[in-house]
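Hi,

Here is the structure I said I would pass on to you. Have a look at it first, and then read my notes below.

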Amino acid sequence: MTERPSRVRCMPPHEVDAHALPDGAHEAELVLRLEQALARLPEAERTAVVAAIGYAGGSVGAAMELGLDVADADALTRNGLQLLRGALADLDAHGRPLG
């Protein structure tokens with residue numbers, strides 16, 4: 001006799017929610033949200049943030065990338081970071097939802 005596959009059974013939402021996510025799930029969500037937030041930034045702020053923070057060029061790197069003076073590039077970088085913080089305000093530093 002062949003073994004029958006198990007049947008799919010519906011589970012109530014509270015039972016599904018009670019299961020913990022794997023360790024990497026929060027990080028994956030955080031990366032996805034960060035990518036989405038970066039995509040929504042105005043182009044100048046996105047370029048400044050990526051050059052200054054992502055490529056570790058600081059305000060000088062952002063200024064070179066944008067063809068601006070350092071003070072203006074620094075202002076764009078700070079504005080971009082503030083917009084990113086706002087977009088991710090509902091997550092903790094590990095990507096887990098707050099509250």
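Arg33 sits in helix α2, which covers residues 23-40. Is Arg33 buried or exposed? Its relative accessible area is 17%, and the cut-off for buried is under 20%, so Arg33 counts as buried.

Before you read on, keep in mind that this is a predicted model.

Now the overall picture. The protein has five helices and zero strands, so if you walk along from the N terminus you go α-α-α-α-α. Of the 99 residues, 22% are buried. The accessible surface comes to about 7600 Å², and carbon and sulfur atoms account for 57% of that. If you take the contacts between residues at least 6 apart in sequence, 51% of them join residues at least 24 apart.

Next, the inside. Which residues form the largest nonpolar core? There are seven: Ala48, Ala51, Ala52, Ala62, Ala63, Ala73 and Leu76. The elements giving two or more residues to this core are α3, α4 (58-66) and α5 (70-87). The largest share, three residues, comes from α3. Apart from this core lies another one, of five residues, including Ala37, Leu38, Leu41 and Leu84.

As background, an α-helix has 3.6 residues a turn, so residues three or four places apart point the same way. Ala51 is one to click on: leaving out residues up to four places away in sequence, Ala51 touches Ala56, Gly57, Gly58, Gly61, Ala62 and Glu65. Ala56 follows α3, and its phi is positive, near 55°.

- α3 with α5: the two axes come within 8 Å and cross at roughly 100°. Angles from 65 to 115 degrees count as roughly perpendicular, and α3 and α5 are therefore roughly perpendicular to each other. On the α3 side you will find Ala44, Glu45, Ala48, Val49, Ala52 and Ile53, which meet Ala73, Leu76, Thr77, Asn79, Gly80, Leu81 and Leu84 in α5. The residues of this contact split into nine nonpolar, three polar and one charged.
- α4 with α5: here the axes also come within 8 Å, and they cross at roughly 105°. That makes α4 and α5 roughly perpendicular to each other too. Ser59, Val60, Ala62, Ala63 and Leu66 in α4 meet Val70, Ala73, Asp74, Leu76 and Thr77 in α5. This contact divides into seven nonpolar residues, two polar and one charged.

How far is its C-alpha atom from that of Val49? The two C-alpha atoms are separated by 8.9 Å, although Asn79 and Val49 are 30 residues apart along the chain.

Write back once you have had a look.

Cheers

Definitions and conventions:
Residues numbered from 1 in each chain as written. Predicted model: local features only at pLDDT ≥ 70, side-chain atom pairs only at ≥ 80, totals over all residues. Heavy atoms only, no water. Helix = DSSP H or I, 4+ residues; strand = E, 2+ residues; numbered from the N terminus. Buried < 20%, exposed > 50% of the residue type's maximum accessible area, 1.4 Å probe, protein only. Contact = heavy atoms within 4.5 Å. Areas by Shrake-Rupley, 256 points an atom, 1.4 Å probe, with all protein chains shown as cover. Core = buried A, V, L, I, M, F, W, Y, C linked by side-chain atoms within 4.5 Å. Axes fitted to C-alpha atoms, helices over the stretch in contact; angles between N-to-C directions. Parallel < 35°, antiparallel > 145°, perpendicular 65-115°, else oblique. Nonpolar A, V, L, I, M, F, W, Y, C, P; charged D, E, K, R; others polar.
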